[in-house]
Amino acid sequence: MSPSRPPGRLLSRGSWAEVSRITAILRSETAGGGLLLAATVIALVWANSRWSAAYESLRDATVGPAAMHLDLTVGEWAADGLLAIFFFVAGLELKREFVAGDLRDPRRAALPVAAAVGGMIMPAVIYTLVNAGAGGGALRGWAIPTATDIAFALAVLAVISTHLPSALRTFLLTLAVVDDLLAIAIIAIFYTADLAVVPLLLTLIPLAGFALLVQRRVRSWWLLLPLAVTTWTLMHASGVHATVAGVLLAFTVPVVRSEAAGGPDAGPGLAEHFEHRWRPISAGVAVPVFAFFSAGVTVGGLSGLAGSLTDRVALGIVGGLVLGKIAGVLGAAYAVSTTTRAGIDESLSWIDVLGLAILAGIGFTVSLLIGELAFGAGSARDEHVKVGVLTGSLVASLLAAIVLRLRNRVYRRIQEEETADTDADGIPDVYEERS
């Protein structure tokens, strides 16, 4: 029985340890995706009902101490506070992948990283072309269609019931995590309006304290949580979007065990421990609550929907999410294949990459966040952003469902091969080493 396919081919099967870990992660994200869809539908229905004023009052209610510049609306708490948890988990996942996962091999990392970069550049280009000369600050939204929402994408996969092979699932997760982290870099660099240097410098103190403790493998929440909250508070006061604090905190967490604790082979490290603790909160609470307070746009019927889609901002977002993601992801993947002379794994084809490129056009959570930062929460342009993001994500979902369902028979055969365990040792035969 042959082991997992060598990394000489793109989208080859990874190691059993990595595949089993990714499967567990995606199971959690799929459940979170169901909650995300439910929260989105509830918000849309409520915002377009006779009780829409109650929804707006709840979203815009101010909570928090003004003395600390934390007198934020409930919607802002969801965007600035809860999404910091989301980016903390994303940072942990990305660091683990590149330090201890299969992607520490540059040959395996090249494809998803290039696809993520291409899948950010082309949507931004298309949005910019559509909005060139539009005026009114429309070009501030150039980054809106650049991110992929992994929870929403997995929810779509669950709805269409496709048996996506492990290599494609790993590719999709890594692409989404990488472009989420690139998106947070864009937010920090391009969407910081008024920078307060003193709070930003003070952020380094609790961040360094947190780093010192986690490097010593301290897990005590009563020590770590106050430092993390202080880092977030100072980052918020500096004018840099507070979610950046989540990523910085994640990058300080060690991935592998210390030699004193048995070394890399003794079990999961602190990053994986934190990820297991916080991913359910991120997927099951943070992202759905943010979606609930961000997706509630008053459409105004078919005429209102049509009117919103005449705005070039909305059109640029739809074009970026649907056409830009396809061009960027597929083009980058083809460029990697041409440059490295590595073809697609023999069990897959380029139509599978096309299906994932379309699926990557589901840009929801981070797209809505950037839209609020670009145009201001509750503004007319922000309402058009929401319509564009929802429309583009829906179109991408439908097109991806068609393409991926056409390949479901092939995926089912691969899944049967990847789960066959004739010797009942708990490890599928295709992952066992050649004896």
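In the predicted model, Arg 13 forms a salt bridge with Glu 417, with 3.8 Å between the closest N and O atoms. Arg 13 lies in the segment before helix H1 (16–47) and Glu 417 in helix H16 (residues 408–419), so this pair ties together parts that are 404 residues apart in sequence. Arg 13 is buried, at 4% relative accessibility, whereas Glu 417 is partly exposed, at 31%.

A salt bridge also links Arg 407 to Asp 352, the closest N and O atoms being 2.9 Å apart. Arg 407 is in the loop between helix H15 (380–406) and H16, and Asp 352 is in helix H13 (residues 350–359); the pair therefore ties together parts 55 residues apart in sequence. Both residues are buried, with relative accessible areas of 16% for Arg 407 and 0% for Asp 352.

Within helix H15, Glu 383 and Lys 386 are 3 residues apart, about one helical turn, and their side chains meet in a salt bridge (3.7 Å, N to O). Glu 383 counts as buried at 19% relative accessibility, as does Lys 386 at 2%. Salt bridges with shared partners join nine residues into one network, namely Glu 18, Arg 21, Glu 29, Glu 93, Arg 96, Glu 97, Glu 272, Glu 275 and Arg 279. The structure holds 19 salt bridges.

The axes of helix H4 (residues 106–131) and helix H6 (residues 166–190) come within 8 Å and cross at roughly 50°, which makes H4 oblique to H6. The crossing is right-handed. Residues of the contact include Leu 111, Pro 112 and Met 120 of H4, and Phe 171, Asp 179 and Ile 186 of H6. The contact residues divide into 13 nonpolar, 1 polar and 1 charged.

Conventions
Residues numbered from 1 in each chain as written. Predicted model: local features only at pLDDT ≥ 70, side-chain atom pairs only at ≥ 80, totals over all residues. Heavy atoms only, no water. Axes fitted to C-alpha atoms, helices over the stretch in contact; angles between N-to-C directions. Helix = DSSP H or I, 4+ residues; strand = E, 2+ residues; numbered from the N terminus. Parallel < 35°, antiparallel > 145°, perpendicular 65-115°, else oblique. Left-handed = near helix turned anticlockwise from the far one by under 90°. Contact = heavy atoms within 4.5 Å. Nonpolar A, V, L, I, M, F, W, Y, C, P; charged D, E, K, R; others polar. Salt bridge = Lys/Arg side-chain N within 4 Å of Asp/Glu carboxyl O. Buried < 20%, exposed > 50% of the residue type's maximum accessible area, 1.4 Å probe, protein only.
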